[in-house]
Amino acid sequence: MKLKKQVTVCGAAIFCVAVFSLYLMLDRVQHDPTRHQSGGNFPRSQISVLQNRIEQLEQLLEENHEIISHIKDSVLELTAHAEGQPALPQHPLNGSWVLPPESRPSFLSVSPQDCQFALGGKGQSPDLQMLAVYSLLPFDNQDGGVWKQGFDITYEPNEWDTEPLQVFVVPHSHNDPGWIKTFDKYYYDQTQHILNSMVLKMQEDPRRRFIWSEISFFSKWWDNISAQKRAAVRRLVGNGQLEMVTGGWVMPDEANSHYFAMIDQLIEGHQWLEKNIGVTPRSGWAVDPFGYSSTMPYLLKRSNLTAMLIQRVHYAIKKHFAATQNLEFMWRQTWDPDMSTDILCHMMPFYSYDVPHTCGPDPKICCQFDFKRLPGGRINCPWKVPPRAITDANVAERAQLLLDQYRKKSKLYRSKVLLVPLGDDFRYDKPQEWDAQFLNYQRIFDFLNSRPDLHVQAQFGTLSDYFDALYKKVGIVPGMRPPGFPVLTGDFFSYADREDHYWTGYYTSRPFYKSLDRVLEAHLRGAEILYSLALAHARRAGADGRYPLADYALLSNARRNLGLFQHHDAIAGTAKEAVAVDYGVRLLQSLTNLKRVIINAAHYLVLGDKDAYRHDPAAPFLGMDETRSSQDSLPERTVVKLGTSPRFLVVFNPLEQERLSVVPVLVDSPHVRVLSEEGQPLPSQLSAVWNSATDVVPNVYQVSVLARLPALGLRVLQLHKSLDGHPEAVPLHVFPAAADDFCLENQHLQACFLGHTGLLQVTGEEQGHRVSSEFLVYGTRTSKDKSGAYLFLPDGEAKPYAPKDPPVVRVMEGPLFSEVASYYQHVQTVVRLYNVPGVEGLSLDVSCLVDIRDHINKELALRFSTDIESDNTFFTDLNGFQIQPRRYQRKLPLQANFYPMPAMAYIQDMQSRLTLLTGQALGVSRLSSPWELEVILDRRLMQDDNRGLGQGLKDNKRTCNRFRLLLERRSTANKVLSSGFFSKLVSMFKALSFPGTRTGSPEVQDERPISFPSLLSHITSVHQNAEVLVMPVALEKPALPALRSFVPLATTLPCDFHILNLRTLQAEDDSLPSAEAALILHRKGFDCSLEAKNLGFNCTTSQGKVGPGSRHGSHGKCQPTSLTLMYPLGTASNSTNIHLDPMEIATFRIRLG
């Protein structure tokens, strides 16, 4: 102990001296009397001197970081053999639990260079920043004439005399993998006929083109066609007639989907295409998602696609971009310093992707060129002017009419190349439609192309045909920025298609399935990683013959079911009730199968003697942690029966960081002791399990164990029935309605509650920030247009939730956690405060069990109010991948100010930040008050909202929404550094680079709005979304084989790195694994300015470097690839070091076993 103190004091002294020396050196540089002050112009010699000094400072900073790392390692070595179990909190007479200092210290060692990224300032400012565009536009919805949401378009007839108009008509069929019908019903009724006709009709004329995007449907069809038809498809793809666009398993919703699932479905589709057709997608096609996230262009760019198309964007944005010829732009990430994320994006200008809204601004004319609507068919034109078949007699007049629309549409773009989609939902399902569309259009094209005086070249094309022609016209390589095209940053939420009809309801619609989606995602990631590690071990031991390789088929099926649910009518909650049930059955089936994969892998990995491994599907060695009786039921946790022999538990930590967690286990006796693998007692807390507010479940108890779990590892614990003494009771109170207010606290937080409601009233540390919560109810309009599955059309501001009876409030205090449970008529809340070291003790755990099945046209909301002065800005995440700043727009209706929240939202001021972290996607807003954050929990709506579904939302379930509430304050040290050392460094760089600019001005900050979560926030989020899995050993007999904890990582991964997946790749046989895996890493961007407490583990960053010890089980070469493994990047290397820039996601093909 004395040596540890000496090392620590010595290290602190070195650190202080190093920082002070750096500060003095920089201060001397700043006040150098020889420096010229005239307008910021420096002699070259002085600039050279300054650059040398900056380089010296950077070197000193790096050396300082290394010194601290060495000190940290020394102390870790000294404490490595110390007893690693945390001490149990003590309960003194004053009634509050006090936690002794932990025996194992933890470090937060962040490289100063890693903090610079979040400060931004690098790279060029974009031409279009969507936050600024929203502030600029009036959103006045003026009538634009035939283009109702736009304006009149005029042109001069001779505009194309020197450069003819090049028109690409792109036939397509949008196939929803579930919406009005289930996936299978759509396939059998329509999709298979579309694809069968496609093979026949495309071969009739080599000039015909077609595009397809949903690989979920295509793979099902592929499995049912002949070898001859497959060969014909490959020929059509090879000669450019058929293009696979985007190539994902589905066209995903971009609001509610998590980036793990977005990437996974993209990999699944791309791997299928590569294996079966040998094709790599080049262009993205997303005509139907209800708004667009900037995560998707990043994923497409990293998958080596060079261009993309979007459609459902707010009509006012479309009008503005059309008027300024900005409908095509380079979409860049807000945090990109070097333009490496730029991808060309084409925005369709009009109301819809159907034929009446794609040829030009006048739908009445365009509808006349949708030849499926010829008289005598099942559908017609709402504008009462039907199409006419093209003949020699009318072709001149019809072609001129269509060319007028083409020319007007082309005026909205910067080039003389025009894209005209030709299709709609489930089009081309009959041979007659193929003939009607292709034959009539070909006659028009032949006429136009035969008339040089018209200066137009028209043809069928694929999406990439269009983009290739565009790039050729401007004379640059595909993927580069066309001259004059603007750069855009930001996203396209929230979407309105007309008037004040904002599609913000689907951010919350069917929250039960949004939650189940996230549970399945966590299980899939855990199963992928554990299966890959177990298979590698088994192969090295020569035991792969006994290992259940057939589990790979279960993994593959789960990937596809999770991928299917990312479809924009699935996770969005906007499908028919029967379709939602079909999705639910698929999700539950895969969840059960993944638990089986995890159990089999864990069984093999914890066996001391691997030769003793025997796979018995009928009698699994490990049990499941919980079960679900049906697709719409909440989970029921397994109860472990205690006897005379000890029961063993295997606990899986799916995170890449060691974690100190409270692990809950249900047992059938209050007489229980929990021991480590070595037989050492572990801190635990016993509590009752409740049926209702006041009734306990008989003979079932929860024992909560404080355990340190290895990264990506398995820990073995023992449960012993204790026959001596009585279990230690924890204080429990059930409050009447008029009780006094009360507080709970730990070392970091104090949470106070209103006695009569149990609602949170105050939380915070010594600075005493106020955070209160309340429930609210939104109604819907009384007019014709009402809220539905898509739309949120409230009848005004929310009203306080007023249940019939006051709630019952139950308070429990304990050594590891205390909690307040409040039982209302429609919602049960549990606010839990952990009294343990590490991540769990630094935030409040909030869960809401919602049941609004007796509501009529109501939406239940939870509002958090604080004294944080956030002005009109708040922040929401995009797909759990990045943060997007938002502004409350007073000029827009209430519903327009809601945004998707897949993972977190926060408000902040100069002193503090309040973050709401969520375990499921929901809609969120910061409304008119600058200190409020509001989330919609569930919505029950009795009518359709006229967007094609034909149903309301009446199939509500009992749904548990899980949150973490994290209050952070700005670090005093960071304030000192930013006001002194680092601000001077930044000032010097800006003065050297941009002598005329004012540093730190609000105008500059607004041009590139950017924000990042703190490291603590990142880690809290992954803790919430990747819970530990507890698997009891099924055998209750004493003759168990020896079990050992499994620790796969030799060294700690830097805590800004996340292993997104370790995905075993398939062999030639689809159902079997190969020896290769995809290692997908994400380096997170984070904000250093927020204080980081004792995280409970050694948290270090490494400037993006990962060493060999962090990649257990890989052998041979490590091949960097594109995101979906379609393209190798550079050469495979035996080098074990990996480097990633902040925010980057990278895929590596590695060999396991």
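Me: Against which elements do the buried residues of α10 pack?

Reply: This is a predicted model. The buried residues of α10 pack against the strands β2 (128-129), β8 (328-331), β9 (343-347) and β12 (487-489), and against the helix α4 (130-136).

Me: Which residues of α10 are buried?

Reply: The buried residues are Tyr315, Ala316, Ile317, Lys318, His320, Phe321 and Ala322. Since 7 of the 9 residues of the helix (residues 315-323) are buried, α10 is largely enclosed by the rest of the structure. Just after α10, Gln325 adopts a positive phi of about 50 degrees.

Me: How is the packing of two helices to be described, and what are the values for α15 and α17?

Reply: Two packed helices are described by the angle between their axes and by the distance between those axes. Helix α15 (residues 511-540) packs on helix α17 (residues 577-606) at an angle of about 30 degrees, and the axes are 8 Å apart. Angles under 35 degrees count as roughly parallel, and α15 and α17 are therefore roughly parallel to each other. Their crossing is left-handed. The contact of α15 with α17 comprises 22 nonpolar, 5 polar and 1 charged residues.

Me: At what angle do the axes of α16 and α17 cross?

Reply: The axes of α16 (residues 551-565) and α17 cross at roughly 145 degrees and come within 9 Å. This crossing, too, is left-handed.

Me: Which residues of α16 and α17 meet?

Reply: From α16, the residues are Asp551, Leu554, Leu555, Asn557, Ala558, Asn561, Leu564 and Phe565. In α17 they meet Tyr583, Arg586, Leu587, Gln589, Ser590, Asn593, Leu594, Arg596, Val597 and Asn600. By class, the contact of α16 with α17 divides into 9 nonpolar, 6 polar and 3 charged residues.

Me: Let us turn to single residues. Is His174 buried or exposed?

Reply: Buried means under 20% relative accessible area. At 2% relative accessibility, His174 therefore counts as buried. His174 is placed in strand β3 (residues 165-174).

Me: What is in contact with His174, leaving aside its neighbours within four places in sequence?

Reply: The contacts of His174 beyond those neighbours are Glu214, Met251, Val287, Asp288, Tyr353, Asp424, Asp425, Phe426 and His568.

Me: Where does Asn956 lie, and which polar contact joins its side chain to that of Arg940?

Reply: Asn956 lies in the loop between β39 (932-940) and β40 (959-969). The side chains of Asn956 and Arg940 are joined by a polar contact of 3.2 Å. A polar atom of the Asn956 side chain also lies 3.0 Å from the backbone oxygen of Arg939. Leaving aside neighbours within four places in sequence, the residues in contact with Asn956 are Ile852, Arg853, Asp938, Arg939 and Arg940.

Me: Finally, how many helices and strands does the protein have, and what share of its residues is buried?

Reply: The protein has 21 helices and 48 strands. Of its 1153 residues, 61% are buried. Among contacts between residues at least 6 apart in sequence, 77% join residues at least 24 apart.

How values were computed
Residues are numbered from 1 along each chain as its sequence is written. This is a predicted model: local features need pLDDT of at least 70, side-chain atom pairs count only at pLDDT 80 or more; totals for chains, interfaces and linings use all residues. Side-chain values use heavy atoms; hydrogens and water are left out. Axes are lines fitted to C-alpha atoms, for helices over the stretch in contact, and angles run from 0 to 180 degrees between N-to-C directions. Helices (H or I, at least four residues) and strands (E, at least two) are DSSP runs, numbered from the N terminus. Angles under 35 degrees count as roughly parallel, over 145 as roughly antiparallel, 65 to 115 as roughly perpendicular and the rest as oblique. A crossing is left-handed if the near helix is turned anticlockwise from the far one by less than a right angle, and right-handed if clockwise. Ala, Val, Leu, Ile, Met, Phe, Trp, Tyr, Cys and Pro count as nonpolar, Asp, Glu, Lys and Arg as charged, and the others, Gly among them, as polar. A polar contact is a pair of N or O atoms within 3.5 Å; within protein, one must be able to donate a hydrogen and the other to accept it, and residues adjacent in sequence count only if both atoms are side-chain atoms. Contact means heavy atoms within 4.5 Å. Buried means under 20% relative accessible area, exposed over 50%, partly exposed in between (1.4 Å probe, protein chains only).
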